[in-house]
Amino acid sequence: MTEDAVVDGPDQELLTIGAFAARARLSAKALRLYDRLGLLAPAHVDEASGYRYYRAGQVERARLVAMLRQLDMPLARIAEVVAAGDGPTAAELLGTYWADVEARVAGQRTLAAYLRGRLSGRSSEMYGKFTVETVEVPAQVVICEKRHTLADELPAWIGAALGRLEEAAGECGGVAGVPYVAYHAEVSMESDGPAEACMPVADETAARAWAEQRGRAWETAVRVEPARRLAYTRITKAQVAHPQILAAFEAVEEWMAAEGLTATGPCRELYFADWAATGPGDPVCDVAFPVS
């Protein structure tokens, strides 16, 4: 039997890889790749010759795999869509993937615009949109949760961590100040920080007892933060998104340099508003550096 032959089975027609490729409007090379990736296996492989044969009913699956690959869908997600078959489940999986793509592209578009501004020398124009001031913050007891995280996971972690710490504050004398997130190193898609969520509380003794008994699961620590002077700028909910928030941090740094001030600790974001109850234009966060 030659590789170009067609084998008729009792249930379904079997096609050689060449005939199947022509019917699916794909190349034999692509079909071999799909087989190697585990996305579309031949219906039969001749043990003696190694020739691959496909059922005619596999044509639609082959075309689907090819189109999903054109969307740059990861192999694991293609496998999920294909395994779901035709129907609402497969459509929902595709919809979820494409929503992720659009969100990523939107973020990249914003980042590109931000970088164009920097590269074209319009940094001072961008920084001029932010008003920078200083404020004195008294010493405070804080319970903290630290984590190494990349930028795409950061927003979800911040919300979850501050929620856990706010709940814990009920056992530590109550919330006694504005919660914040401190960055001990850069958080990006290449650098994982760490970041530290911090909640000021009223009772140090109770806080240390809570951390000893229940805080270990979340790498929670308790410390007394000394009184600090913060240089900060206030931003809206929309400006918290990356990369807009980078411009806010850089605006504060530029102001500090002009004023002859030096950072004395990690930069931070202080979240003073109810996130869920605010709109894109509402002030929600202070971007700050401890200074001297």
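User: Is strand S6 (residues 140–147) mostly covered or mostly open, and how many of its eight residues are buried?

Analyst: First, the ground rules. This is a predicted model, where local features need pLDDT of at least 70, side-chain atom pairs count only at pLDDT 80 or more, and totals for chains, interfaces and linings use all residues. Residues are numbered from 1 along each chain as its sequence is written, and side-chain values use heavy atoms, with hydrogens and water left out. Buried means under 20% relative accessible area, exposed over 50%, partly exposed in between (1.4 Å probe, protein chains only). Strands (E, at least two residues) and helices (H or I, at least four) are DSSP runs, numbered from the N terminus. Here, S6 is mostly covered, with six of its eight residues buried.

User: Which strands pair with S6?

Analyst: Two strands pair if DSSP finds at least two bridges between them. S6 runs antiparallel to strand S9 (residues 220–225), joined by six bridges.

User: Which residues touch the most other members of the largest nonpolar core?

Analyst: In soluble globular proteins, nonpolar side chains tend to be buried together. A nonpolar core is a set of buried Ala, Val, Leu, Ile, Met, Phe, Trp, Tyr and Cys residues joined through side-chain atoms within 4.5 Å. The largest one has 43 residues; Ile143, Trp157, Ile158, Tyr183, Val201 and Ile235 touch the most other members. H7 gives the most to this core, eight residues. A second, separate core has 23 residues, including Phe20 and Tyr54.

User: What does Trp157 contact beyond its neighbours within four places in sequence?

Analyst: Contact means heavy atoms within 4.5 Å. By that test, the partners of Trp157 include Glu145, Arg164 and Val181.

User: Where does the backbone of Arg25 sit, and what is its phi?

Analyst: Most residues other than glycine have a negative phi, and most peptide bonds are trans. Arg25 is not a glycine, yet has a positive phi of about 60°. Its place is the loop between helix H1 (17–24) and helix H2 (28–36). Arg25 counts as exposed, at 65% relative accessibility. Asp72 also has a positive phi of about 60°. Asp72 lies in the loop between helix H3 (59–70) and helix H4 (75–84), and is exposed at 64%.

User: Which peptide bond is cis?

Analyst: The bond from Gly193 to Pro194 is cis, with omega near 20°. Pro194 belongs to the loop between strand S7 (180–183) and S8.
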